Amino acid sequence: MYSLLRPLLFRYSAEQAHHLTNRLFGFAQGVPIVSQLLNRSLRYSHPSLERQLWGLTFPNPVGLAAGFDKDGKYIKTMSKLGFGFIEVGTVTPLAQAGNPQPRLFRLIPDRAVINRMGFNNDGVDSLVANLKKLPAKRDYIIGGNIGKNKVTPNAEAWRDYLICFQKLYDYVDYFVVNLSSPNTPGLRELQDKEPLRKILSTLLTEREQHEIQRPILLKIAPDLTDGQIDDVVEICEELDIEGLIATNTTIDRSGLSTSQETIETIGNGGLSGRPVYERSNQVVRYIHDKAPDLPIIGVGGIESPETAQGKLNAGASLIQVYSGMIYAGPYLVKQIKKALVG
Ligand SMILES: Cc1cc2nc3c(=O)[nH]c(=O)nc-3n(C[C@H](O)[C@H](O)[C@H](O)COP(=O)(O)O)c2cc1C
């Protein structure tokens, strides 16, 4: 069915198609017979898919990566695709418009996407309001991916992370500290040892005030050197951070089939999808070899059951998808789950 819908969607700009798909799917959910048919065809569960991590029960290891539903508007809809977990955000304390459009581009020959959205979001209060509308009993896990506003200087960044952390604490199951988006100027410098230690220890101190200890994960860029990854792992171990998400999008443009001219016309942004797959796997493998007990959520370039298995083989405990869904369609989640069951 998606092979029929895809050419239609691809006639729209990537950002328009994103909104259109969500609205279409949301609309379909509102029509009982359509939603029943859709849900029946998308549903797939099996006890062997369940994963226990950080005291949480993930019904399956396939999650929706951050950035797709920054404001938590589509959680119910996306849960119908069969994700075991949904990561909302990146959210910032204040609403911000992000970069001017166009800011999302398909690289069809590479089955890839370049985005420079720039953390466009409605702000943490709006996300909290949307999370409050969800039923208390859910059959999926929710992650809260947090960031800083563009106008906040790096020296004050810890405060933005703290605000988001405090406001979201009662409404998400785990947290992700995002310091790896290439689209907020200077953000990735916060992955350096000292700012990283400051932000994480601020959140850990705040967490001590709470009865339930929500896991805190750090999401890293695929463009870090081995030495930089060593530093990150060292700090995670020193502070007892629960895990890493590897990886975000890359600024690397090597080995693409899309013409150089097109790439130059598109300009800055983070590249995701097939071209980031191998590098993300390398990062996952590197961390897993170095710190076998540190759980990793593997993300980057998953577009099929085989690539999902490859990410798990590299050492990921859970996986997430984003760009692969644009090309392979919403049945990807079910296909991966069925293949994992075997
Ligand atoms: C349009 C778009 C927006 C994204 N926004 C975010 C974001 O806000 N926060 C974040 O941590 N990652 C964001 N990402 C990165 C994804 O979560 C993921 O790490 C990356 O795309 C690699 O996975 P993929 O190849 O399956 O897309 C975004 C990716 C895309 C394509």
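## A tour from hairpin to core

Start at the hairpin of β5 and β6, where 4 residues lie between the strands and Arg111 takes a positive phi near 45 degrees. Keep in mind that this is a predicted model.

**The sheet.** Now select β5 and β6 themselves. They pair in the antiparallel sense over 4 bridges. Arg106 stands opposite Val113 in β6. Together they form an open sheet of 3 strands in the order β5-β6-β11. β5 (104-107) and β11 (270-273) each have a single partner strand, so one side of each is left without a neighbour in the sheet. From one strand to the next, the twist averages 25 degrees.

Show the side chains of β5. In a regular strand, side chains alternate between the two faces of the sheet. Leu104 and Arg106 lie on one side of β5, Phe105 and Leu107 on the other, and all are buried.

**The ligand.** Centre on the ligand next. Which residues are closest to the ligand? Pick out Ala65, Gly67, Ser272, Tyr322 and Ser323, from the 27 residues that surround it. β6, β11 and α12 (323-328) are the elements that give two or more residues to this shell. Colour the shell by class: 11 residues are nonpolar, 14 polar and 2 charged.

**The core.** Move to the largest nonpolar core, which has 82 residues. Phe83, Ile86, Phe175, Val177, Leu217 and Leu244 touch the most other members. Helix α6 (residues 157-168) provides the largest share, 5 residues. Zoom in on Leu244. Leaving aside residues up to four places away in sequence, Leu244 touches Leu217, Leu218, Ile220, Cys236, Ile287, Leu294 and Ile296.

**Backbone stops.** Most residues other than glycine have a negative phi, and most peptide bonds are trans.

- Thr90 sits in strand β4 (residues 85-91).
- Ala246 to Thr247: this bond is cis too, with omega near 10 degrees. Look for Thr247 in the loop between β10 (243-246) and α9 (260-266).
- Trp54: phi is positive, about 55 degrees. Trp54 is in the loop between β1 (51-53) and β2 (56-58). With 17 other C-beta atoms within 10 Å, Trp54 is partly exposed.
- Asp240: phi is positive, near 65 degrees. Asp240 is in the loop between α8 (226-239) and β10. Buried or exposed? Asp240 counts as exposed, because it has 9 C-beta neighbours inside 10 Å.

Notes: Residues are numbered from 1 along each chain as its sequence is written. This is a predicted model: local features need pLDDT of at least 70, side-chain atom pairs count only at pLDDT 80 or more; totals for chains, interfaces and linings use all residues. Two strands pair if DSSP finds at least two bridges between them. Axes are lines fitted to C-alpha atoms, for helices over the stretch in contact, and angles run from 0 to 180 degrees between N-to-C directions. A residue is near a molecule or strand if its C-beta atom, placed from the backbone, lies within 6 Å of it. Ala, Val, Leu, Ile, Met, Phe, Trp, Tyr, Cys and Pro count as nonpolar, Asp, Glu, Lys and Arg as charged, and the others, Gly among them, as polar. A residue is buried if 20 or more other C-beta atoms lie within 10 Å of its own, exposed if 12 or fewer, and partly exposed in between; C-beta atoms are placed from the backbone. A nonpolar core is a set of buried Ala, Val, Leu, Ile, Met, Phe, Trp, Tyr and Cys residues joined through C-beta atoms within 7 Å. Two residues are in contact if their C-beta atoms, placed from the backbone, lie within 7 Å.
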